[in-house]
Amino acid sequence: MSLTLPVVSTGHLRRRKYYDSSSELETKEREDHIRSGGIEEKEAETEEEEEFDHGVAPPFRLADVRAAIPKHCWVKDPWRSMSYVVRDVIAVLVLAVTAAGLDTWLVWPLYWFAQGTMFWALFVLGHDCGHGSFCDDQTLNSVVGHLLHSSILVPYHGWRISHRTHHQNHGHVDNDESWHPWPEKLYRSVDDLTKTLRFKAPFPLLAYPFYLWSREPGKKGSHFNPNSELFDPKDRYDVITSILCWMSMAVLLIGLCFVVGPIRILKLYGVPYLVFVIWLDFVTYMHHHSYEERLPWYRGKEWNYLRGALTTIDRDYGLFNNIHHDIGTHIIHHLFPQIPHYHLIEATEAAKPILGKYYKEPKKSGAIPFHLIGSYISSLKHNHYVSDDGDVVYYQTDPKLRAGLI
């Protein structure tokens, strides 16, 4: 049986400079980014001459992408999913016992990074439970999700519900929930300290706990308030259950401080938790921002689920891809969050012929994804706000913030 694939029109290609800026400073920064390995020079020249416009409505439907993905990619294997939990929990325990036993400053920094990375891996598995991609049994999803997320101080149901809002509205300027752009009016209204915390490294890498408590400017509510506007009345019991689980973990940690000492708990848990937060903020930001490609955000009738999901970005994290369960394959995950993580790579390859240029091929990484650090910093320097008007908008740059005058 033959399959006719939709053709992406070359009319979607047009000449355009990055960020619509011809300033000397912008040109120099882009040249520096190219020389540092952010973009190969020949590729950059080609992209500037003929850049694909991601803001044009795609010529395919969500059903076309779904049909291209093999049927077995949709199958959830609870035993396989649980094997990843066992693997990660064993790794966490082995790291903790080893570090505590050696108790030397030659080991502690290595432990902090490794354990923080494993906390992040546990979060991703709990994330799969929240989407229902862990298994078809919602009770098992809830139990495993609570155990994993509570262990790293994440209120499972509160996060699950707000994350569902993010997926249902991704790419929408006003309704998205995670790392969405600020309209210019909101951006101009916040003080310089808030802008610094939001746009200047390393502060955005520490944002997650504060987001859980109070969301971000322009949005009200808290993941720890069952009456928050984040939640529907029917969610109240679930949210309270997760808050109690979170509190139980907090009480356990406080109790351990009295048993083994606060410094010991800081070394074994506190610093790895901080590394986990950095991983979470870094990865989630990088999946929804780009300096190399100018990506649209939508309002009104221009937004739909497909167009919003196509503005996400796949990233290659080198040797960490397997450790954090291929979370870098993010476009297909946003289109179909019910696909288990162990099928995302195959599903992505199957969907690429349909997606065409709407799929943004990630830059290949070495063992350590150092290249993403430059992309992250460049994005923070340039992606500040979007216009208050228009249904298809792009990030704009505040020259004062970029120049470090704020």
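**Stop 1: a pair across the sequence**

Select Trp74: its relative accessibility is 22%, so Trp74 counts as partly exposed. Keep in mind that this is a predicted model. Trp74 and Phe336 make an edge-to-face aromatic pair, with 5.2 Å centre to centre and 75° between the planes. Trp74 sits in the loop between helix 3 (62–68) and helix 4, and Phe336 in the loop between helix 15 (330–335) and helix 16 (344–355), so the pair ties together parts 262 residues apart in sequence.

**Stop 2: the largest core**

Next, select Trp120, Phe123, Tyr208, Tyr269, Phe276, Phe282 and Tyr317. These residues have the most contacts inside the largest nonpolar core, which has 55 residues. Colour the helices that each supply at least two of its residues, including helix 5 (108–131), helix 11 (236–260) and helix 12 (262–286). Helix 12 gives the most, with 12 residues.

Centre on Phe123. Leaving aside neighbours within four places in sequence, Phe123 is in contact with His149, Ile152, Val154, Trp159, Tyr208, Phe276 and Leu280. Another core lies apart, of 20 residues, among them Phe60, Ile339, Tyr358 and Tyr359.

**Stop 3: the aromatic cluster**

Show the rings of Phe119, Trp120, Phe123, Trp159, Tyr208, Tyr211, Tyr269, Tyr273 and Phe276; they form one aromatic cluster. Zoom in on Tyr208 and Tyr211, both in helix 10 and 3 residues apart. Both are buried.

**Stop 4: charges over rings**

Select Lys195: its charged end sits over the ring of Tyr187, 4.3 Å from the centre. Finish at Arg294, which lies over the face of Tyr394, at 4.3 Å from the ring centre.

Note on methods. Residues are numbered from 1 along each chain as its sequence is written. This is a predicted model: local features need pLDDT of at least 70, side-chain atom pairs count only at pLDDT 80 or more; totals for chains, interfaces and linings use all residues. Side-chain values use heavy atoms; hydrogens and water are left out. A nonpolar core is a set of buried Ala, Val, Leu, Ile, Met, Phe, Trp, Tyr and Cys residues joined through side-chain atoms within 4.5 Å. Buried means under 20% relative accessible area, exposed over 50%, partly exposed in between (1.4 Å probe, protein chains only). Helices (H or I, at least four residues) and strands (E, at least two) are DSSP runs, numbered from the N terminus. Contact means heavy atoms within 4.5 Å. Rings of Phe, Tyr and Trp (its six-membered ring) pair if their centres lie within 6.5 Å; planes under 30 degrees apart count as stacked, over 60 as edge-to-face and the rest as tilted. A charge sits over a ring if NZ of Lys or CZ of Arg is within 6 Å of the ring centre and within 35 degrees of the ring normal.
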